[in-house]
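Q: Can you walk me through this model, one feature at a time? Please give the general idea, then the case.

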Number of protein chains: 2
Amino acid sequence: MSNEELIRKSGEILSDPRNQKEEIQALQDTMYVMGGKWRLMIINSICNGNRRFRDIQRSIPGITTRMLSRELKDMEANKLIKRTVTPSTPVLVEYSETDYCLSFGAIILEMIRWGKQHREKIRMTD
Amino acid sequence: MSNEELIRKSGEILSDPRNQKEEIQALQDTMYVMGGKWRLMIINSICNGNRRFRDIQRSIPGITTRMLSRELKDMEANKLIKRTVTPSTPVLVEYSETDYCLSFGAIILEMIRWGKQHREKIRMTD
DNA sequence: TTGGCTGGTATCATAGATTATACTGGTAAC
DNA sequence: GTTACCAGTATAATCTATGATACCAGCCAA
């Protein structure tokens, strides 16, 4: 779908009172899954090849073990990442992105694009 | 861009360490602009033709004047809506969506699509 | 003149998200 | 035997978003 088509269609959708509830819910679900201060950075880190807890932590300045732990658990529950335990000594725990996580790709791309444009726009008109 | 292309390209981008900072920032900007409990519902309400403060408020059950006021101000600063004052008696204040607000369309569509799929997926595998 | 509408602001309270800090139990290098 | 790594958990504090409630000035209608 071209960008123009998307904008046109979104205009239709936004003006269309039908199924509003379902759509708002879908939006809120998506925001919930993406939500939180660290989520996108964690996805990013894992997709960049960081697989182990401490590696991910080191790659994201400022994140605490508590938050990383919580987020990883939550993302696993939402099937965005996979947690693999190898019972060696010491135990090896690895996190990896799922295909599902990559299915986020379209949204992430659009958001990056929009965010860059937005910053430019705000900068220009201030 | 097709969905397959988007997913492939997002894979590239997510695996690409270049410009990560800028991209994370763009993502966070976008999330900030979309963020909050009421934002999407307000956009929706205005796009559905509600233009005046009390009308918008009435169309969104549960929102307080405080939150609506804050959100409208913020959205105006971010150029998502336009505030027009007509100096009649009494003063008439109208809010309307900007083209820029509609440029959100691509993201919103993707998010709706993803959210629906997600709900389905979670439902199926529980 | 009491009550309602308009478009909001001000003040305080609460709940949830995030941070700070310390700690665990096991392994291993120095 | 002390230090450091691993993958986290536990507890408490704080910060921020949201909610509850009251209020403002101006206008109109009964």
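Q: Is His118(B) buried or exposed?
A: Buried means under 20% relative accessible area, exposed over 50%, and partly exposed in between, with a 1.4 Å probe and protein chains only. His118(B) has a relative accessible area of 6%, so His118(B) is buried. This is a predicted model: local features need pLDDT of at least 70, side-chain atom pairs count only at pLDDT 80 or more, and totals for chains, interfaces and linings use all residues. Residues are numbered from 1 along each chain as its sequence is written, chains are lettered from A and ligands numbered from 1 in the order in which they are written, and side-chain values use heavy atoms, with hydrogens and water left out.

Q: Where does His118(B) lie, and what does His118(B) touch?
A: Helices (H or I, at least four residues) and strands (E, at least two) are DSSP runs, numbered from the N terminus. His118(B) belongs to helix α7 of chain B, residues 105–125. Contact means heavy atoms within 4.5 Å. Leaving aside residues up to four places away in sequence, His118(B) touches Val33(A), Asn78(A) and Tyr100(A).

Q: Which side chains make polar contacts with the side chain of His118(B)?
A: A polar contact is a pair of N or O atoms within 3.5 Å; within protein, one must be able to donate a hydrogen and the other to accept it, and residues adjacent in sequence count only if both atoms are side-chain atoms. The side chain of Tyr100(A) makes one with His118(B) at 2.6 Å. The side chain of Asn78(A) makes another at 3.5 Å.

Q: How many residues surround DNA strand D?
A: A residue is near a strand if one of its heavy atoms lies within 4 Å of it. DNA strand D has 17 such residues around it, and the closest are Arg54(A), Ser69(A), Arg83(A), Lys37(B) and Arg66(B).

Q: Which side chains lie by phosphate oxygens of DNA strand D?
A: A polar side-chain atom of Arg83(A) is 2.4 Å from a phosphate oxygen. For Ser69(A) the distance is 2.5 Å. For an N or O atom in the side chain of Tyr95(A), it is 2.7 Å.

Q: Which element gives the most to the surface near DNA strand D?
A: α5(A) does, with four residues. By class, that surface has five nonpolar, three polar and nine charged residues. Here Ala, Val, Leu, Ile, Met, Phe, Trp, Tyr, Cys and Pro count as nonpolar, Asp, Glu, Lys and Arg as charged, and the others, Gly among them, as polar.

Q: What surrounds DNA strand C?
A: There are 17 residues, the closest being Lys37(A), Arg66(A), Arg54(B), Ser69(B) and Arg83(B).

Q: Which side chains lie by base oxygens of DNA strand C?
A: Arg66(A) is one of them, with a polar side-chain atom 2.4 Å from a base oxygen. Thr65(B) has a side-chain N or O atom 3.0 Å from a base oxygen.

Q: What is the phi of Lys79(A)?
A: Most residues other than glycine have a negative phi. Lys79(A) has a positive phi of about 60 degrees. Lys79(A) sits in the loop between α5 and β1 (81–86) of chain A. Its relative accessibility is 30%, so Lys79(A) counts as partly exposed.
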